[in-house]
Amino acid sequence: RDYSWSEENCRQLWKDIIAVGGDKSEGKHFIGSVVYIATGDSAAGFTRWLLIDGQQRVTTLTLLLIALRDHIREGGWSGSEDGPTVKRIEAYFLKNVQEEGARESKLVLRRRDNDTLRALLAGEDMPDDPSPLVRENYEFFMDCLKEEDPEKVYRGINKLIVIDVTLERG
């Protein structure tokens, strides 16, 4: 389905990430379930998955991670050895670094949502008819990052937990 999260949804996720990221304990934050199934068009060493539940959260977290990557790249920020880096964010969360073309992106959306996401992932200009919510929520996170420690944000993202449900065909 098309991306539909509003800024209000993003603001709540941001608050949750900042709260858990600022907590020095081992505390975690549950954000729901993610349900997916293999599409059946797998190649050697590469499986495509169809996301059935959790699309909005996964898309929003991807937008936050793209914004975090861009914030670090643009500002030249560097933190601790375990902190976020452009390379780490791309390899762990955004890109299949051994793949090219359509397989390079870890997340593929529908229609113009995907065109906008691909432009953000590649650091390119927006398409002629960008997805308003994808673009606006990316910009929301870019604004939020101006006032926050990237390491705290990264720590908060890494403390998020989901119920991971993989379905099997048949």
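## Buried or exposed

A residue counts as buried when its relative accessible area is under 20%, and as exposed when that area is over 50%. This structure is a predicted model. Leu120 has 6% relative accessibility, so Leu120 counts as buried. That residue sits in helix α4.

What does Leu120 touch, once residues up to four places away in sequence are not counted? Its partners are Leu63, Ile66, Arg69, Asp70, Met126, Val134 and Tyr138. Take Val134 from that list. Leu120 and Val134 are 14 residues apart in sequence, and their C-alpha atoms are 9.3 Å apart in space.

## The nonpolar core

In soluble globular proteins, nonpolar side chains tend to be buried together. Here the largest nonpolar core holds 35 residues. Trp14, Ile17, Leu63, Leu68, Phe141 and Val153 touch the most other members. Six helices each supply at least two residues of this core: α1 (7-22), α2, α3, α4 (111-122), α5 (132-145) and α6 (150-158). Which helix gives the largest share? The answer is α2, with 8 residues.

Leaving aside its neighbours within four places in sequence, Leu63 is in contact with Tyr3, Leu117, Leu120, Val134, Asn137, Tyr138 and Phe141.

Arg69 lies in helix α2. Is Arg69 buried or exposed? Arg69 is buried, because its relative accessible area is 0%. Its side chain reaches the backbone oxygen of Leu120 at 2.8 Å. Beyond its neighbours within four places in sequence, Arg69 is in contact with Val86, Ile89, Glu90, Leu94, Lys95, Leu120, Leu121 and Gly123.

Leu65 belongs to helix α2 as well. With a relative accessible area of 5%, Leu65 is buried. Not counting residues up to four places away in sequence, Leu65 touches Ile89, Phe93, Leu94 and Ile157. Leu65 and Ile89 are 24 residues apart along the chain, yet their C-alpha atoms are separated by 6.9 Å. Gln56 is another residue of α2. Its relative accessibility is 6%, so Gln56 counts as buried. A polar atom of the Gln56 side chain lies 3.2 Å from the backbone oxygen of Asp2. Leaving aside neighbours within four places in sequence, Gln56 is in contact with Arg1, Asp2, Tyr3, Ser4 and Trp5.

Arg111 is found in helix α4. At 53% relative accessibility, Arg111 counts as exposed. Its phi angle is near 45 degrees, a positive value in a residue other than glycine.

Ala119 is also found in helix α4. Ala119 is buried, with a relative accessible area of 5%. Which residues is Ala119 in contact with, leaving aside its neighbours within four places in sequence? They are Glu124, Asp125, Met126 and Pro127. Ser6 is 113 residues from Ala119 along the chain, and the two C-alpha atoms are separated by 20 Å.

## Helix α6 and its cover

Several residues of α6 are buried: Pro150, Glu151, Val153, Tyr154, Gly156 and Ile157. What covers them? The cover includes α1, α2, α3, α5 and β3. Two of these buried residues have already come up. Val153 is among the core residues that touch the most other members, and Ile157 is touched by Leu65.

## The largest pocket

The largest pocket has a volume of about 1,300 Å³. Its lining has 37 residues. Val34, Leu51, Val58, Lys106 and Leu107 lie nearest its centre. By class, the lining has 20 nonpolar, 8 polar and 9 charged residues.

β1 (29-38), β2 (49-53), α2 (55-75), α3 (86-94) and β3 (160-167) each supply at least two residues of the lining. Which element gives the most? It is α2, with 8 residues.

Key
Residues numbered from 1 in each chain as written. Predicted model: local features only at pLDDT ≥ 70, side-chain atom pairs only at ≥ 80, totals over all residues. Heavy atoms only, no water. 1 Å grid on protein atoms, 1.4 Å probe; cavity = no way out; pocket = protein on both sides within 12 Å on 5 of 7 lines; lining within 4 Å. Points joined across faces, edges and corners; volume = space filled by probe spheres on them. Helix = DSSP H or I, 4+ residues; strand = E, 2+ residues; numbered from the N terminus. Nonpolar A, V, L, I, M, F, W, Y, C, P; charged D, E, K, R; others polar. Core = buried A, V, L, I, M, F, W, Y, C linked by side-chain atoms within 4.5 Å. Buried < 20%, exposed > 50% of the residue type's maximum accessible area, 1.4 Å probe, protein only. Contact = heavy atoms within 4.5 Å. Polar contact = N/O pair within 3.5 Å; in protein donor to acceptor, adjacent residues only side chain to side chain.
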